[in-house]
Amino acid sequence: MRLVLLGNAGAGKSTLARQLQARVPAARLSLDAVAFEAGSAQRRPLAQSVAAVRRFIAEHEHWILEGCYADILEPVLDHAEELIFLNPGVDVCVAHCRARPFEPEKFATPEEQQQNLDNLIAWVRSYPTRHDTYGLLHHRRLYDAFGGRKRELTQPLRAGEALGLGADCP
């Protein structure tokens, strides 16, 4: 498995990646881990982020990359066997963001995460109109250009369904 999960914040990328990992042994890389300077909201230089993803791909035979960073994915996408574009709509993404459990890899405290929620929701709502690397336009271009197996999912999906095993599989 060499899979990329792409979509807006709250689209279900991390959840699906964890579900898939439970069924199929594969290393998982959240692009958040390589996109930013350690402990900062400052983006790393793109070349450093791409190099980190290339190292990850070289170190693992089976992997899942997940994130909203089309600029990081574009140079490495030719290594993927499959691309799943999670596009359930802004309202679903907002609901997922509101229901998100505490993410200690991103925030020092649950209170800090809660304080950031309004900014995150505003950012998620701008997805259809943004023209940056995180927006629908760029994601659509990346998806359309991908020559391998690809699927666009407009509803949340369980791992069994993502692997083509049917809806009754966890």
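Residue A35 touches Q42, R43, R44, S49, Y69 and I72, leaving out residues up to four places away in sequence; contact here means heavy atoms within 4.5 Å. The model is a predicted one, in which local features need pLDDT of at least 70 and side-chain atom pairs count only at pLDDT 80 or more, while totals for chains, interfaces and linings use all residues. Residues are numbered from 1 along each chain as its sequence is written, and side-chain values use heavy atoms, with hydrogens and water left out.

A35 lies in helix α2. Helices (H or I, at least four residues) and strands (E, at least two) are DSSP runs, numbered from the N terminus. With a relative accessible area of 0%, A35 is buried; buried means under 20% relative accessible area, exposed over 50%, and partly exposed in between, with a 1.4 Å probe and protein chains only. A35 and L5 are 30 residues apart in sequence, and their C-alpha atoms are 16 Å apart in space. D32 also lies in helix α2, but this residue counts as partly exposed, at 26% relative accessibility. Apart from neighbours within four places in sequence, D32 is in contact with Y69 and K106. Between the C-alpha atoms of D32 and G67, which are 35 residues apart along the chain, the separation is 6.9 Å.

A70 is found in helix α4 and counts as buried, at 0% relative accessibility. Residues up to four places away in sequence aside, A70 touches T133, H138, H139 and L142.

The chain as a whole has 8 helices and 5 strands. Along the sequence these follow the pattern β-α-β-α-α-β-α-β-α-α-α-β-α. The radius of gyration of the chain is 15 Å, which agrees with the value near 15 Å for a compact globule of 170 residues; this radius is taken over C-alpha atoms, and the globule rule is 2.2 Å times the number of residues to the power 0.38. Taken along the principal axes, the C-alpha atoms fill a box of roughly 40 × 40 × 30 Å. Of the 170 residues, 45% are buried. Among contacts between residues at least 6 apart in sequence, 68% join residues at least 24 apart. The accessible surface comes to about 8,900 Å², and 53% of this area belongs to carbon and sulfur atoms. Accessible areas come from the Shrake-Rupley method with a 1.4 Å probe; for residues, only the protein chains shown count as cover.

In soluble globular proteins, nonpolar side chains tend to be buried together. A nonpolar core is defined as a set of buried Ala, Val, Leu, Ile, Met, Phe, Trp, Tyr and Cys residues joined through side-chain atoms within 4.5 Å. The largest such core has 29 residues, and those with the most contacts inside it are V4, L31, V53 and L65. Two or more residues each are given to this core by β1 (2–7), β2 (27–30), α2 (32–35), α3 (46–59), β3 (63–67), α4 (70–73), β4 (82–86) and α7 (136–145). The largest share, 5 residues, comes from α3. Another core lies apart from this one and has 21 residues, among them L20, C97, V124 and L153. V4, named above for the largest core, touches W63, L65, L73, L77, A80, E82, L83 and I84, not counting residues up to four places away in sequence.

Helix α6 (residues 110–125) has 16 residues and reaches 22 Å from its first C-alpha to its last, close to the expected 22 Å. The expected span is 1.5 Å times one less than the number of residues. At L117, α6 bends by about 40°, the bend being the angle between axes fitted to the seven residues ending there and the seven starting there. The buried residues of α6 are Q113, L117, L120, I121 and V124, and what covers them includes α5 (90–99). An α-helix has 3.6 residues a turn, so residues three or four places apart point the same way. Q113, in helix α6, has a relative accessible area of 13%. The residues that Q113 touches, not counting those up to four places away in sequence, are R100, P101, F102, E103 and F107.

T129 lies in the loop between α6 and α7 and is exposed, with a relative accessible area of 58%. From T129 to L20 the C-alpha distance is 31 Å, at 109 residues apart in sequence.
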